[in-house]
Every structure is written in C-alpha cells, then in structure tokens.
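Visitor: I'd like to learn how to read a model like this one. Could you walk me through a few features?

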Amino acid sequence: MGKLVALTLLGAGLALIGERLMTLRERINAYREVEPVEPQNCHLIEGLENGSEDIDILPTGLAFISSGLKYPGMPNFAPDEPGQIFLMDLNEQNPRVQALNISDGFDKASFNPHGISTFIDKDQIVYLYVVNHPHMESTVEIFKFEEQQRSLVHLKTIKHELLKSVNDIVVLGAEQFYATRDHYFTNFFLALLEMVMDLRWTYILFYSPREVKVVAKGFSSANGITISPDKKYIYVADVLDKNIHVMKKHDNWDLTQLKVIQLGTLVDNLTVDPDTGDILAGCHPNAIKLLMYNTEDPPGSEVLRIQNALSEKPRISTEYANNGSMLQGSSVASVYQGKLLIGTVFHKALYCVL
C-alpha cells in the first residue's frame with residue numbers, strides 16, 4: 001500500500017512538472033520568430049564585443065554602458081575577463097566608446113556589472129550606481145564620475161540581506177534607490193525550478209541608509225526598472241510575464257500598482273525617452289534561444305516603444321527587430337536627440353540615427 005501511495009505521488013508530481021514545463025515553453029515564446037524592423041542608418045559599435053546589458057544616458061548626451069555581465073544560464077564570450085563600464089559621447093558626429101578607468105582600491109578583477117543608474121546632485125556632480133555580482137553575489141557600487149579624466153572613483157559598496165539576486169536599480173536621491181530582485185533562490189537549479197513552478201516570489205526593494213523595505217511583490221521575475229520624467233510613477237518589467245507594471249510612487253516610497261501593459265515579448269530593461277516620456281523596452285523575442293544558445297540559430301533582438309503608458313490604451317510600436325543575424329539578445333534601448341542605442345546581454349551593441 002505504501003509503495004502504491006509513493007508511486008501515485010511520484011506520478012502526480014511528474015505530471016505537474018511536465019505541465020509546468022509545457023506552460024513555461026509558451027511563456028518564454030519558445031516557438032516565436034520576429035519579422036525584421038531595421039532602421040536604415042544603424043551600425044554595430046566597435047569596441048563592445050562582450051555585452052552592453054544596460055545603458056544610462058545623461059541629459060548632456062554622455063552614455064554609460066555596462067559590459068561583461070556573467071549571468072547564470074546565459075552565454076558569455078569572455079568568461080575570464082572582468083566587466084567594464086564604457087562611455088560614449090552622443091554629441092560627437094561619429095561617437096566611439098571608451099572604457100572608463102576605475103580607481104584603485106576597488107576589486108576590478110571580480111567586477112560583474114548588471115543594471116546601472118545615474119544621479120546628479122545639486123553641485124552637478126554625477127554619480128553612477130552599478131548592480132555588481134562579484135563571485136555571483138549582489139552588491140550596489142557607488143562611483144563618482146570624473147568627466148575630465150574619463151574615470152570612475154569608487155566611493156562605497158552597499159550590501160544588505162534583502163539585496164539578493166538584484167537585477168536593476170533606479171536612483172531616487174543620494175543613496176536612495178529602488179532595486180528589482182529577479183529570482184528568489186540564488187542557487188541556479190532552485191532558481192530554474194522557481195521559474196518552472198512560477199512561484200512569483202520576486203519583488204521591488206526600496207533602499208536608503210535609514211530604511212530598507214520591500215515595496216511591491218508577487219512578480220514572476222522583476223527585471224528592468226525606471227521612473228517617469230515627472231518622478232511620480234515607476235515602470236517595472238516582469239520578464240517572464242512579458243509585461244510592464246505601472247506603479248504610483250508614494251511619499252513613504254511605497255508603490256501601488258495602477259495598471260499592467262501586456263507586450264507579448266520578454267521585457268528586459270526599460271528607459272524613458274526624455275523628450276516624449278515614452279517607454280523604451282529592450283526585449284527578448286524568444287528566450288529559449290538565450291537559454292540554449294546555438295550559433296546557427298541565435299537569439300533575436302526586439303525594441304518596443306510604449307506611448308501614453310498611463311492612458312487606457314497605450315500605443316505600442318516596434319522600433320527595432322532582428323532575428324539575431326546582426327544583434328543577439330537585446331536587453332536595453334535608450335534614445336538621445338534622435339539617436340538610438342541598443343544594448344545586449346552578452347553580444348554587441350547597435351547605434352542608430354533615427
């Protein structure tokens with residue numbers, strides 16, 4: 001009798017896992033291919049060969065680019081090289097990237113940059129906040145940008161028990177930011193099980209020196225995060241749910257969900273067009289191609305523009321789409337005065353004049 005019960009439970013468990021695996025294939029668009037949408041005036045950026053996972057552009061047109069991310073389950077073409085932060089001046093006629101020097105005293109060998117966000121104080125000093133995964137842990141590094149020297153001075157490392165599996169951040173003030181947690185488990189196999197079972201244990205965290213708290217939860221995999229131009233709303237990408245959550249920011253830093261915008265593609269990082277307030281989303285058309293990388297059938301890239309996000313019917317259009325023949329695994333898109341930068345998790349980066 002005991003054996004029968006055990007076999008019955010085993011069968012039920014396997015059936016559940018099988019059903020979840022089939023559902024997961026649908027959730028990650030395992031069978032989707034994209035139709036190309038490619039602006040005419042685009043070219044790959046020389047010098048960015050190992051990813052450009054996140055991009056943050058200052059109002060002056062200086063773009064910071066994080067590169068060299070090593071993320072469990074994702075391809076990496078330079079596993080032994082440390083990550084870097086690159087700078088690109090979009091005011092130049094033919095902009096080029098330059099790797100920024102990082103001050104001594106910071107462990108550059110284990111630098112593994114992920115999401116980034118900038119903050120400009122009242123004295124116009126620029127600070128770059130970087131999600132870092134040294135030895136596959138999660139910290140937030142604060143750097144001061146020295147524009148004349150084209151360098152970063154490391155000021156502080158932030159660690160906290162709630163800062164686990166951090167994906168992206170958006171800075172709100174000095175040492176104040178929201179951060180997304182994209183997995184609850186830090187173990188790769190448990191994180192994979194979490195994804196298969198769709199546990200929805202990931203969240204958004206608010207951090208300040210005085211208070212650290214979870215301000216929104218229940219995401220399948222909270223990913224990119226950014227803020228509206230008027231600073232009233234927070235936009236959060238749930239990559240596995242293929243949507244963007246529009247959240248209202250309260251005076252106590254709590255977030256209340258106002259609406260969810262379904263996109264039908266796996267949404268990674270988000271930025272906001274400073275001229276229009278539109279959301280730009282770097283997306284993965286088919287995530288199975290990321291997880292099971294094949295040079296003969298590489299992952300594609302997709303960039304969506306969401307207009308009037310707060311309206312009842314936001315307008316969604318495709319800015320860029322490619323099947324992987326030029327750009328693989330797009331993770332972010334950002335614009336500045338008619339110029340578009342598209343970054344990737346592990347591949348190259350694209351520069352377009354719109």
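**Reading the annotated site**

Guide: Let's start with one residue, keeping in mind that this is a predicted model. D268 has 5% relative accessibility, so D268 counts as buried, the cut-off being under 20%.

Visitor: In which strand does D268 lie?

Guide: D268 sits in strand β19, which covers residues 266-272.

Visitor: Is N269 buried or exposed?

Guide: Buried, because its relative accessibility is 0%.

Visitor: What does the UniProt annotation "binding site" cover?

Guide: According to that unreviewed entry, E53, I116, N167, D168, N223, D268 and N269. They span 217 residues in sequence, but no two of their C-alpha atoms are more than 13.2 Å apart, so they gather at one spot.

Visitor: Which residues does N269 contact, leaving aside neighbours within four places in sequence?

Guide: Among them are E53, N167, D168 and N223. For D268, the contacts include E53, N223 and H284. There's a polar detail as well: a polar atom of the N269 side chain lies 2.9 Å from the backbone oxygen of E53.

Visitor: How do I read a sheet, then? What is the strand order in the open sheet of 5 strands?

Guide: Follow the pairing from strand to strand: the order is β6-β10-β9-β8-β7, and the pairing is mixed. At the edges are β6 (101-102) and β7 (113-120), each pairing on one side only.

Visitor: How many bridges join β8 to β9?

Guide: There are 6, and the two strands run antiparallel. As an example of a bridge, Y127 has K144 in β9 as its partner.

Conventions. Residues numbered from 1 in each chain as written. Predicted model: local features only at pLDDT ≥ 70, side-chain atom pairs only at ≥ 80, totals over all residues. Heavy atoms only, no water. UniProt positions renumbered as here; feature names shortened; annotations may be inferred. Helix = DSSP H or I, 4+ residues; strand = E, 2+ residues; numbered from the N terminus. Buried < 20%, exposed > 50% of the residue type's maximum accessible area, 1.4 Å probe, protein only. Contact = heavy atoms within 4.5 Å. Polar contact = N/O pair within 3.5 Å; in protein donor to acceptor, adjacent residues only side chain to side chain. Pairing = 2+ DSSP bridges.
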